[in-house]
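These are my notebook entries on a structure I looked through.

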Amino acid sequence: MVGLLITLLFAAGATGAGLLLFRPLLKDLDPALRLGTAALLGLGFAGFITLPIGLLPQGVKWGIGVMALIALAGLYILYQDRDSLKLKSPQGPWLFIPLAIALAALMALIGALTPSDMNEWDALAYHLAVPKLWVQHGRIDFIPYIHHSNFPFAVDNLYIWGLQWGGQSGAKAFQLAFYLAGMAAVFGLARQRYGQPAAWWSLLAYATIPAAMWEAGTAYIDLAHGLYAGLGILFAALWLDDQQKSTLWLSALMLGLAVASKYTG
């Protein structure tokens with residue numbers, strides 16, 4: 001449980017880092033969309049820079065200090081921006097939607113706290129196995145007998161840190177963080193384009209997708225990958241409408257992280 005909480009705290013810090021690094025691109029977005037996009041970009045940035053850190057001697061060991069500094073700086077930024085990120089609570093009949101989403105998130109939380117079994121074969125075979133070997137080696141290096149170790153690892157790299165500070169739950173909690181970031185992004189995008197009612201229905205539709213609920217409690221990467229790919233396409237579509245360079249850049253970053261997390265990107 002402690003490892004899961006540390007990961008969620010780190011994800012909050014990564015959100016703040018995303019707000020800082022990509023502020024010019026995020027400033028005109030709905031507050032919820034800005035928060036969710038910053039979280040996705042911040043987590044992607046953390047996974048991306050893990051590679052050069054991990055390739056250095058004992059980088060997997062001392063790199064955890066770099067991650068801590070990023071998280072602390074990001075938490076400070078997030079605190080500074082707290083007023084602009086406040087979300088209004090639903091009223092009246094809309095209250096059932098957060099209750100349904102809370103139930104879905106609880107199921108994902110239980111999955112994150114439960115040790116992986118053969119239902120999560122990919123997690124045991126390589127999503128967690130490869131980072132575990134790299135932690136044991138102290139660095140990212142070639143693993144000749146697991147061909148999956150040559151896959152794009154922008155998301156999987158985060159498990160290197162989660163395993164060290166929280167074991168399986170610390171690693172799996174990253175997908176729970178992506179799940180929550182997706183909620184904010186979907187809600188904000190729908191609210192920005194179509195208004196509050198559409199935002200609540202869109203949030204409910206996303207949060208209760210069975211595959212999303214299940215993967216949010218695993219060490220798979222398809223939930224994160226799907227968010228990067230889907231939002232990348234949506235930002236590209238929005239760019240065709242508004243012709244703003246910031247929207248085009250957001251599309252490029254999201255699609256780049258989709259490529260960096262899975263070959264199907």
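Entry on terms. I call a residue exposed when its relative accessible area is over 50% and buried when that area is under 20%. The model I examined is predicted.

Entry on the surface. I looked up Leu103, which lies in helix H5 (residues 96-113). Its relative accessible area is 52%, so I recorded Leu103 as exposed. Leu103 also contributes to a nonpolar surface patch of about 390 Å², together with Leu106, Met107 and Ile110.

Entry on helix H3. I found 25 residues in H3, spanning residues 31-55. From its first C-alpha to its last, H3 reaches 37 Å, close to the 36 Å expected at 1.5 Å a residue. How many residues of H3 are buried? I noted 18 of the 25, so the rest of the structure largely encloses this helix.

Entry on aromatic rings. I noted 11 aromatic pairs in the structure. Tyr179 lies in helix H8 (residues 158-194) and Tyr206 in helix H9 (residues 196-207), so the pair ties together parts that are 27 residues apart in sequence. Are these two tyrosines buried or exposed? Tyr179 is buried, with a relative accessible area of 0%, and Tyr206 is buried at 9%. I also recorded a cluster in which ring pairs link Phe10, Trp165 and Phe174.

How values were computed:
Residues are numbered from 1 along each chain as its sequence is written. This is a predicted model: local features need pLDDT of at least 70, side-chain atom pairs count only at pLDDT 80 or more; totals for chains, interfaces and linings use all residues. Side-chain values use heavy atoms; hydrogens and water are left out. Helices (H or I, at least four residues) and strands (E, at least two) are DSSP runs, numbered from the N terminus. The expected span of a helix is 1.5 Å times one less than its number of residues. Buried means under 20% relative accessible area, exposed over 50%, partly exposed in between (1.4 Å probe, protein chains only). Rings of Phe, Tyr and Trp (its six-membered ring) pair if their centres lie within 6.5 Å; planes under 30 degrees apart count as stacked, over 60 as edge-to-face and the rest as tilted. Patches are made of residues with over 30% relative accessible area and no salt bridge: like charges are joined within 9 Å, nonpolar side chains (Val, Leu, Ile, Met, Phe, Trp, Tyr) within 5 Å. Accessible areas come from the Shrake-Rupley method with a 1.4 Å probe; for residues, only the protein chains shown count as cover. A salt bridge is a side-chain nitrogen of Lys or Arg within 4 Å of a carboxyl oxygen of Asp or Glu.
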